[in-house]
Amino acid sequence: MEFPHFIQAPPVLGNQYAEDRPLRSLLRRILPPEVLSAIEGELWEMGDLAGGELYAMQLEDRLREPTLTQWSAWGERIDRIEVTPLWKRCAEIAPRYGLVAAAYEARFGEWARLHQFALNYLFGPSSDVYTCPLAMTDGAARTLIASQNQALIERALPRLTSRDPRRFWTSGQWMTERIGGSDVSQLETVAIPQSDGSYKLYGKKWFCSAITSDIALVLARPQGNPQGSKGLALFYIETRDANGKLRAIEIDRLKDKLGTRKLPTAELSLKGVPAIPVRGTSDGVRVIAPMLNITRTWNAVMSVAFMRRGIVLARDYARKRVAFSSPLSQKPLHLQTLAEISAQTEAMLHLAFESVAILGRLENGSAQVNDEPLFRMLTPIVKLLTAKSALSAITEVLECFGGAGYIEDTGIPGLLRDVQVLPLWEGTTNVLSLDLIRALRSSEDHLLLWRYADSIARHIQDAELAALAKSALRAMENALAWAHAQGNASLLEASARRLAMTLGRSFAMVLFARHADWSLTHEKDPRSKANALIFGESSFDFAPSASGSLLPLAALDGPPEQALPADAHSAANNSKE
């Protein structure tokens with residue numbers, strides 16, 4: 001006798017642009033109507049691909065990973081990498097939709113970056129991190145432009161920014177070696193000069209992602225150069241010859257990573273790779289800086305994209321999952337949890353895309369007076385805060401699914417594994433916090449970020465939102481003033497992380513309040529305000545670190561017992577997006 005068995009309906013995705021109210025609202029506020037009208041068709045198409053074909057392939061591809069074949073059947077060293085079907089499909093889609101090219105086309109001027117990153121924000125979570133080679137390709141294109149090396153620009157830029165899949169090149173970024181990650185000053189790869197002015201590279205690269213790329217920018221030390229980072233130079237290499245064979249490169253092994261497992265990452269041996277200096281034969285770290293600014297911006301946008309993917313799945317599941325006689329979507333505490341994730345996600349969206357907007361102005365001749373130092377300060381703040389927020393949000397998302405969130409074939413654990421890389425790639429939280437300190441020290445105006453935020457906040461009309469922005473501004477001003485006045489270098493360094501987090505959350509609050517105020521007026525929509533008020537429940541107060549003498553005790557011994565948290569505010573955001 002057959003008895004009925006309950007089958008839980010899984011979460012599904014629809015058109016990811018149609019269902020993304022915060023993104024559509026943000027673009028309506030920022031973009032001129034004619035620009036939005038021109039790009040919206042592409043956004044709808046990408047939203048359909050991301051929620052349909054690509055997401056289905058992603059679930060189908062769950063157990064597939066890149067494979068490395070080092071030797072042919074007859075003993076020839078071939079080092080052939082086979083990527084997954086989804087990656088092959090993404091390699092066709094990316095150039096056709098201009099996921100790199102859109103940033104370099106003149107038709108939208110200062111709005112080009114917003115166009116590009118809106119497309120990638122929709123595409124990224126369904127691509128199994130194909131956005132990694134795209135980010136490095138974008139960074140390589142910008143680095144070559146900044147280098148003014150006309151020969152390399154003419155050779156590579158048309159391919160790096162092509163919309164033709166047959167001509168499109170992707171780029172790698174090979175810096176890390178066994179001796180150093182963020183600290184590249186002791187790199188051991190040597191560049192040997194050749195009679196024609198080119199070089200050959202010899203050494204080991206320890207962590208090279210997207211190694212199927214067509215070119216790479218590589219840090220190496222020209223023979224005879226002094227030790228330290230100033231003795232390094234940046235080199236351009238093409239990874240394969242006309243027959244597709246690697247050019248004096250051996251792939252020692254693929255990395256066995258926690259996440260981003262569809263992204264082929266390897267240890268490489270360079271055995272005389274032909275190379276061309278990008279710009280001079282020293283100061284390579286300075287030459288590659290434009291790439292880092294671009295890739296950190298990509299990291300921030302992808303962090304928010306992952307957060308958005310998580311909350312979309314969690315919301316759909318909450319409507320379908322019945323517990324104790326009603327759906328989770330009717331449980332006040334579960335609603336509160338979803339509201340907090342939604343609020344955090346929307347806040348980080350505004351933070352990341354403000355950075356994108358400034359980048360667009362800088363690249364297209366419409367920059368405001370202080371945009372360049374402002375972008376230098378914002379880039380590390382935005383990257384570190386969005387990455388940390390993605391980790392916390394996706395952890396909460398997994399818990400929203402209960403035990404099902406812990407089961408691999410639901411696809412939810414993959415989200416958590418993949419976001420783990422976001423605080424690591426292109427600078428850890430601590431490295432970026434120290435970058436912020438350096439940016440603040442180099443600025444002529446230590447309150448520059450506060451002044452920019454204040455210029456935004458003064459136009460907010462809604463009283464509750466204005467009060468939130470005022471509180472955030474006060475926290476920013478206090479934190480910046482303390483950092484400027486601090487004479488104890490050790491204490492300043494110990495407080496750098498807290499300073500960065502305070503500035504990031506406070507600035508995000510101001511941006512969020514501005515948009516919520518605009519949405520109330522122009523869209524008659526209270527949902528952004530509701531989310532802004534929830535995000536604003538967090539404290540923005542800055543307190544410097546404890547005395548340096550306590551650091552070893554606090555960092556290396558067990559933490560003190562924590563007091564039980566106070567009762568959480570239980571106001572739920574019952575609106576549906």
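**Notes on a pocket and a sheet**

1. By class, 11 nonpolar, 5 polar and 8 charged residues make up the lining of the second largest pocket. Here Ala, Val, Leu, Ile, Met, Phe, Trp, Tyr, Cys and Pro count as nonpolar, Asp, Glu, Lys and Arg as charged, and the others, Gly among them, as polar.

2. Please keep in mind that this is a predicted model, where local features need pLDDT of at least 70 and side-chain atom pairs count only at pLDDT 80 or more, while totals for chains, interfaces and linings use all residues. Residues are numbered from 1 along each chain as its sequence is written, and side-chain values use heavy atoms, with hydrogens and water left out.

3. That pocket is an open set of points on a 1 Å grid over the protein atoms alone, where a 1.4 Å probe fits, with protein on both sides within 12 Å along at least five of seven lines; lining residues have an atom within 4 Å of a point. The volume of the second largest pocket is about 580 Å³, and among its 24 lining residues Phe168, Thr170, Thr212, Ser213 and Asp214 are the closest to its centre.

4. Helix H4 (85–96) gives the largest share of this lining, 3 residues. Helices (H or I, at least four residues) and strands (E, at least two) are DSSP runs, numbered from the N terminus.

5. Now to strand S6 (residues 215–222): 8 of its 8 residues are buried, meaning under 20% relative accessible area with a 1.4 Å probe, protein chains only. S6 runs parallel to S3, joined by 4 bridges, and antiparallel to S7, joined by 6 bridges. Two strands pair if DSSP finds at least two bridges between them.

Notes
Grid points are joined across faces, edges and corners, and a volume is the space filled by probe spheres set on the points. Buried means under 20% relative accessible area, exposed over 50%, partly exposed in between (1.4 Å probe, protein chains only).
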